[in-house]
Amino acid sequence: MKPLIKTCDWEITTNCNLNCKHCIIEKKYSESSTNFCLEIIDFLKERGCKEITFTGGEPLSKKGILKIMSYSKNKGIKNYIFTNGTLINKNNIKIIKKVVQYIGFSLDGFEESTNFIRGKGAFNKTMAAIKCARDKKIPFGIYLTLNNRNMKNLKTTLKFIKDIGAHNISI
């Protein structure tokens, strides 16, 4: 039988540690328990799901996210995570490497534009997370929200993103 569900983009939480100017996520919803998330993974796997992209809000702010992604991986599902990167550090990157095949980082250009959009310090925290991913040889890409503020530097931004080793850029 042909798989019913091949991939899943899962907004696993609406919680986030940032307050981005362009964000459209309603932060009023309660989130599912870890055990219910494991049941959802079983449901997806039974219907042929091969890949899950965990998004949010900020998926790393979800209680139990590493357990959920570990369970998914053990079921033979490839995990990808779309994150602002600010919660990734030298301690948790080792665990993240074990459960994900790819990290998508939000980065809106250079320091001035990223911090304007995402909040003070966001650029440096995300860049530190990118360094962690690079050091652990985890493939990563950059997701850039284009706007009037960073459009003027788009050409140099794209070169910068290529130079830091991103596998892809999504605008």
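Which residue of β3 does Ile52 stand opposite? I looked it up: Ile52 faces Asn79 in β3.

**Ground rules.** I noted that this is a predicted model, where local features need pLDDT of at least 70, side-chain atom pairs count only at pLDDT 80 or more, and totals for chains, interfaces and linings use all residues. Residues are numbered from 1 along each chain as its sequence is written, and side-chain values use heavy atoms, with hydrogens and water left out. My helices (H or I, at least four residues) and strands (E, at least two) are DSSP runs, numbered from the N terminus.

**The sheet.** I followed the strands across and found six of them in an open sheet, ordered β1-β2-β3-β4-β5-β6, with parallel pairing. I count two strands as paired if DSSP finds at least two bridges between them. At the edges I have β1 (7-11) and β6 (168-170), each pairing on one side only. From one strand to the next, the twist averages 20 degrees; axes here are lines fitted to C-alpha atoms, for helices over the stretch in contact, and angles run from 0 to 180 degrees between N-to-C directions.

**Strand pairs.** I started with β1 and β2 (residues 51-55), a parallel pair with five bridges. In that pair, Trp10 stands opposite Phe54, and Asp9 has Thr53 as its bridge partner. Next I checked β2 against β3 (residues 78-83), which pair in the parallel sense over four bridges. Further along, β4 (residues 102-106) and β5 (residues 140-143) are also parallel, over four bridges, and there Phe105 sits opposite Ile142.

**Faces of β1.** I saw Cys8 and Trp10 on the covered face of β1, and Thr7, Asp9 and Glu11 on the uncovered one.

**Helix α4 and its neighbour.** How do α4 and α5 cross, and at what angle? The axes of α4 (residues 111-118) and α5 (residues 122-135) come within 7 Å and cross at roughly 110 degrees. The two helices are therefore roughly perpendicular to each other, a label for 65 to 115 degrees (under 35 is roughly parallel, over 145 roughly antiparallel, the rest oblique). I listed the contact residues (heavy atoms within 4.5 Å): Glu111, Thr114, Asn115 and Arg118 come from α4, and Ala122, Phe123 and Asn124 from α5.

In α4 the buried residues are Ser113, Thr114, Asn115, Ile117 and Arg118. Their cover includes β4, α5 and α6. Just past the helix, Gly119 has a positive phi of about 120 degrees.

**Helix α7.** Which residues of α7 (residues 154-163) are buried? I found Leu154, Thr157 and Ile161. They span an arc of only 55 degrees around the axis, which puts them on the same side of α7; I take the arc from the directions running from the helix axis to the C-beta atoms. On the other side, Lys155, Lys159, Lys162 and Asp163 are exposed. The buried residues of α7 pack against β5, α6 (148-151) and β6. Just after α7, I noted Gly165 with a positive phi of about 100 degrees.

Definitions and conventions
Buried means under 20% relative accessible area, exposed over 50%, partly exposed in between (1.4 Å probe, protein chains only).
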